[in-house]
Amino acid sequence: MPPKSDSVEGIVLNFVNEQNRPLNSQNVADALQKFSLKKTAVQKGLDALADSGQISFKEYGKQKIYLARQDQFDIPNGEELEEMKKANNKLQEELAEQKKITSEVESEIKGLQSNLTLEEIKSKEARLQSEVQEMEEKLSKLQSGMILVKPEDKKIIEGSFSEKANQWRKRKRMFKELWDNITENSPKDQKEFKEELGLEYDEDVDVNFQPYSEMLVNLAKRRKVSR
């Protein structure tokens with residue numbers, strides 16, 4: 001007589017039949033934790049079912065492997081198996097198609113989520129229109145021949161730039177000469193020595209003198225031509 005479905009044996013029997021694969025007591029106990037069944041109770045249930053012939057078991061040394069009785073299942077013949085394979089292939093194709101559709105929908109949703117809201121569009125439009133207006137006003141002044149920077153102011157700015165850039169170049173040269181003299185016969189690694197002294201090169205702070213040097217050259221050329 002089969003056990004009650006809500007008893008320990010009933011729960012264990014139902015699980016073993018559903019799985020229909022070799023199981024040990026630990027496999028069953030882990031899977032049935034949701035029923036608050038301890039391993040000891042599961043083991044007793046398996047042994048009772050095996051003793052009553054409701055499940056099969058094999059012993060491998062000290063371990064028992066349990067399996068649902070196969071005579072309770074309808075075993076399909078070759079033709080039925082072939083039909084099942086065809087049905088499975090068809091389902092796999094349908095699944096792949098559904099996954100493709102799902103992926104396209106998700107992609108479309110992400111695209112819509114990345115779009116600006118109406119409020120954001122209006123705000124951006126207003127900002128861009130303001131920028132366009134400023135540039136148009138500046139362009140209009142340039143086209144009319146209006147001088148935006150006074151010649152005397154331009155001369156002062158260029159003079160200040162030339163002085164500071166030349167000082168920069170001079171100090172770089174002075175430091176290099178001094179550093180070469182100090183480290184020429186020093187056994188210390190230059191990089192470690194520099195870090196020890198807390199020195200920083202222009203490159204250490206992402207500064208490059210080359211563009212400023214080129215600006216100095218161009219400035220000198222313009223001054224020469226204007227003379």
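Which side chains meet in a salt bridge at 3.0 Å, N to O? Lys-176 and Asp-180 do. The legends below describe close-ups of a predicted model.

View 1. Lys-176 is exposed, at 51% relative accessible area. Asp-180 is partly exposed, at 35%. Side chains of opposite charge can pair when their charged atoms come close.

**View 2. Helix α6 runs from residue 151 to residue 183.** The helix has 33 residues. From first C-alpha to last, α6 reaches 48 Å, close to the 48 Å expected at 1.5 Å a residue. Its buried residues are Glu-158, Ser-162, Ala-165, Trp-179 and Thr-183.

**View 3. Lys-172 forms a salt bridge with Asp-202.** The N-to-O distance is 3.1 Å. Lys-172 belongs to helix α6, while Asp-202 lies in the loop between α7 (190–197) and α8; the pair therefore ties together parts 30 residues apart in sequence. Lys-172 is partly exposed, with 34% relative accessible area.

**View 4. Arg-69 and Asp-71 form a salt bridge.** Their closest N and O atoms are 2.5 Å apart. Arg-69 is partly exposed, at 33% relative accessible area. Asp-71 counts as exposed, at 56%. Across the whole structure, a search finds 6 salt bridges.

**View 5. The largest nonpolar core holds 17 residues.** Val-12, Val-16, Val-28, Leu-32, Val-42, Leu-46 and Ile-55 touch the most other members. Helices α1 (8–19), α2 (25–31) and α3 (39–51) and strand β2 (63–68) each supply at least two core residues. The most come from α1, which gives 5. Leu-32 touches Ile-11, Val-12, Phe-15 and Leu-37, leaving aside residues up to four places away in sequence. In soluble globular proteins, nonpolar side chains tend to be buried together.

**View 6. Ile-101, Val-105 and Ile-109 make a nonpolar patch on the surface.** Together they have about 220 Å² of accessible area. Val-105 lies in helix α4 (residues 78–114). At 42% relative accessibility, Val-105 counts as partly exposed.

**View 7. Ser-213 is placed in helix α8 (residues 210–226).** Ser-213 counts as buried because its relative accessibility is 15%, under the 20% cut-off. Asn-77 is 136 residues from Ser-213 in sequence. In space, the two C-alpha atoms are 88 Å apart.

Conventions. Residues numbered from 1 in each chain as written. Predicted model: local features only at pLDDT ≥ 70, side-chain atom pairs only at ≥ 80, totals over all residues. Heavy atoms only, no water. Helix = DSSP H or I, 4+ residues; strand = E, 2+ residues; numbered from the N terminus. Expected span 1.5 Å × (residues − 1). Buried < 20%, exposed > 50% of the residue type's maximum accessible area, 1.4 Å probe, protein only. Patch = residues over 30% accessible without salt bridge, like charges linked within 9 Å, V, L, I, M, F, W, Y side chains within 5 Å. Areas by Shrake-Rupley, 256 points an atom, 1.4 Å probe, with all protein chains shown as cover. Salt bridge = Lys/Arg side-chain N within 4 Å of Asp/Glu carboxyl O. Core = buried A, V, L, I, M, F, W, Y, C linked by side-chain atoms within 4.5 Å. Contact = heavy atoms within 4.5 Å.
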